[in-house]
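Biologist: I have a model open on my screen and would like to learn how to read it. Could we go through some features together?

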There are 2 protein chains.
Amino acid sequence: MITSRHNPRFKRIRDAIREHADEIVLEGPKAVADAVASGWKPIEIVERDVDVSSELFDLLADTKSPQHTIGLFERPRAHATAILARRATVIVALDAVQDPGNVGTIVRLAAAFDAAGVLLLPGCADAFGPKAIRASVGAILNVPVAAVTARELLDCGLTLYAADAGGACVDPPSRDAVFVFGNEGAGVSDELARAAQPIAIPMSARVESLNVASSAAILLSRSFSLR
Amino acid sequence: MITSRHNPRFKRIRDAIREHADEIVLEGPKAVADAVASGWKPIEIVERDVDVSSELFDLLADTKSPQHTIGLFERPRAHATAILARRATVIVALDAVQDPGNVGTIVRLAAAFDAAGVLLLPGCADAFGPKAIRASVGAILNVPVAAVTARELLDCGLTLYAADAGGACVDPPSRDAVFVFGNEGAGVSDELARAAQPIAIPMSARVESLNVASSAAILLSRSFSLR
C-alpha cells in the first residue's frame with residue numbers, strides 16, 4: 001500500500017490530475033470500468049485503503065464524496081482530420097470556451113445528438129481535465145475530441161455555422177456542417193465569424209445572449225431532430 | 001470610509017452575501033444600476049476605496065476580478081399564485097435543482113424564451129445567491145422567481161410537463177403549461193412525475209440523459225418558437 005506522498009506512483013497520479021497532459025485520471029469504479037471497456041488504456045487503477053492509504057487517497061480525490069477508485073490512463077488521441085471526414089452528421093468546434101464545465105457539457109450534448117466529434121480551437125479548457133470529464137457524465141468516452149486550428153477549419157471544405165443574433169432564423173443543417181461556438185464573453189473570434197454562416201436562435205429581447213452550452217443544446221438538438 | 005471588519009455596515013453586507021435571506025447583494029456598477037432601474041430597492045451601494053477600504057472590499061467581492069461596486073438590496077419578493085396566473089406563456093418549476101449555476105442558467109433561459117416566471121420547489125439552490133445571480137447574467141432582474149410547494153403545483157389547474165426519456169417525442173406546449181425540471185441526479189420527484197405528462201427530447205442512445213439546463217434550453221426554445 002502507498003503510504004508516502006513521496007512515492008513515485010502517488011506523484012504520477014497527482015501530476016496527471018493537475019496537468020492532464022499525456023496521462024489523465026478518472027474517478028469512480030463505473031467510470032474506470034466503462035473507460036477500459038471503451039478501449040482507453042489503463043496505466044494503473046488504485047483503490048482507497050487497498051493500494052493507497054485512505055489519507056493519501058483523499059488528497060487525490062477531486063470530488064467531495066470520494067469514489068474509492070481512481071484510474072490513471074493514457075490520454076486518448078483523436079485527429080481533427082479524421083473527425084472532419086465524418087460528414088453524415090455535424091461537427092462541433094469550440095473557440096476559446098474557457099469553462100471546463102461548458103466544455104464537458106457540450107461533449108455530453110455532442111454524444112446526445114450524434115455529432116461526429118468535438119474540435120477544440122486554441123484557448124479552450126481541456127476536455128480531459130477533471131471538471132470537464134465530470135460535466136460530460138461519461139460522454140467523453142464515446143465522442144472523439146481533438147485539437148484544431150482556425151486554418152484547418154477554414155480549409156476543411158465544410159460550411160461553418162456560428163450562433164449569432166444577427167443571423168437568419170432558420171433551421172440548422174443536419175449534416176456536412178461545423179457548428180462553431182465561441183468564448184463565454186467574446187463569442188466566436190473575428191476570423192471564424194467572418195467565414196461562418198450566422199444562424200440566430202429565436203428569442204425574446206429580454207436577454208442579449210445565451211450561455212454557450214444552452215446555444216449548443218438548442219442547435220444540436222434541432223439539427224438531430226431534422227436528421 | 002469603512003476600515004474595520006467590525007463595522008456593522010460591513011458585517012451587514014458580508015452576512016447578505018453569505019446568507020442571501022431578506023437582503024441580497026449584486027456586484028458591479030452595471031448590475032447595480034440595472035437593478036435600481038428595474039425597481040429593486042437598494043439599501044446601500046458601496047464603492048471600493050471610497051466607502052470601503054480596498055482591503056475590506058476585496059474580502060467581500062465574490063468574483064476573482066472584483067467589480068469595485070457592491071449593492072445591498074432588499075430581496076425581491078414574487079408570489080407563486082401571481083406567476084401561476086400568467087397563462088399566455090409557459091411557467092418553469094424547478095424541483096430540487098441543487099446547483100446554483102443551473103438555477104441561474106435556467107432563469108436566463110426563462111427570460112430568453114419569455115416564460116412567465118420560475119418557481120422553486122423545496123431543495124433548490126437560491127436564485128438570489130451570488131453564483132446563481134452571476135449565471136443568470138442579469139436575467140434575474142426581469143424574471144419573477146418565487147417559492148412554491150408540490151401541492152400548489154398539483155392544484156394549480158395547469159398541465160404539468162416533465163422531460164422524461166420514456167415520454168412521447170412531441171412538440172412541447174407553448175402556453176397554459178408548467179415545465180418541471182428535476183434534480184441533477186434524481187430527476188423530478190415521484191409525486192410530481194406521476195402527475196406530469198412525460199415529454200421526451202429526441203436523442204441518440206449514446207447518453208442516458210441531459211444536463212437539466214440543457215433540457216430546459218431545448219424545451220423552452222422549442223416552446224417559444226411555436227408561440
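Biologist: Which residue in S8(B) does B:Leu94 stand opposite?

Modeller: Strands of a sheet pair through backbone hydrogen bonds, either parallel or antiparallel. Here B:Leu94 stands opposite B:Phe181 in S8(B). One caution first: this is a predicted model, where local features need pLDDT of at least 70, side-chain atom pairs count only at pLDDT 80 or more, and totals for chains, interfaces and linings use all residues. Residues are numbered from 1 along each chain as its sequence is written, chains are lettered from A and ligands numbered from 1 in the order in which they are written, and side-chain values use heavy atoms, leaving out hydrogens and water.

Biologist: How many bridges join S4(B) to S8 of chain B?

Modeller: Six bridges link S4(B) with S8 (residues 177-182) of chain B, and the two run parallel. Two strands pair if DSSP finds at least two bridges between them. Strands (E, at least two residues) and helices (H or I, at least four) are DSSP runs numbered from the N terminus. S4(B) is also joined to S5 (residues 118-120) of chain B, by three bridges and again in parallel; there B:Leu94 stands opposite B:Leu120.

Biologist: Is S4 of chain B mostly covered or uncovered?

Modeller: Mostly covered: six of the six residues in S4 (residues 90-95) of chain B are buried, meaning under 20% relative accessible area with a 1.4 Å probe, protein chains only. B:Val90, B:Val92 and B:Leu94 point one way, while B:Ile91, B:Ala93 and B:Asp95 point the other way.

Biologist: What is the strand order of the open sheet in chain A?

Modeller: The six strands have the order S6-S5-S4-S8-S7-S9, with parallel pairing. S6 (145-147) and S9 (197-199) of chain A stand at the edges with a single partner strand each, so one side of each has no neighbour in the sheet.

Biologist: And where two helices meet, what should I look at?

Modeller: Two packed helices are described by the angle between their axes and the distance between the axes. H9 (residues 212-225) of chain A packs against H9 (residues 212-225) of chain B at about 60 degrees, with the axes 8 Å apart. Axes are lines fitted to C-alpha atoms, for helices over the stretch in contact, and angles run from 0 to 180 degrees between N-to-C directions. The contact (heavy atoms within 4.5 Å) is made by residues including A:Ser214, A:Ile218, B:Ser214 and B:Ile218.

Key:
Buried means under 20% relative accessible area, exposed over 50%, partly exposed in between (1.4 Å probe, protein chains only).
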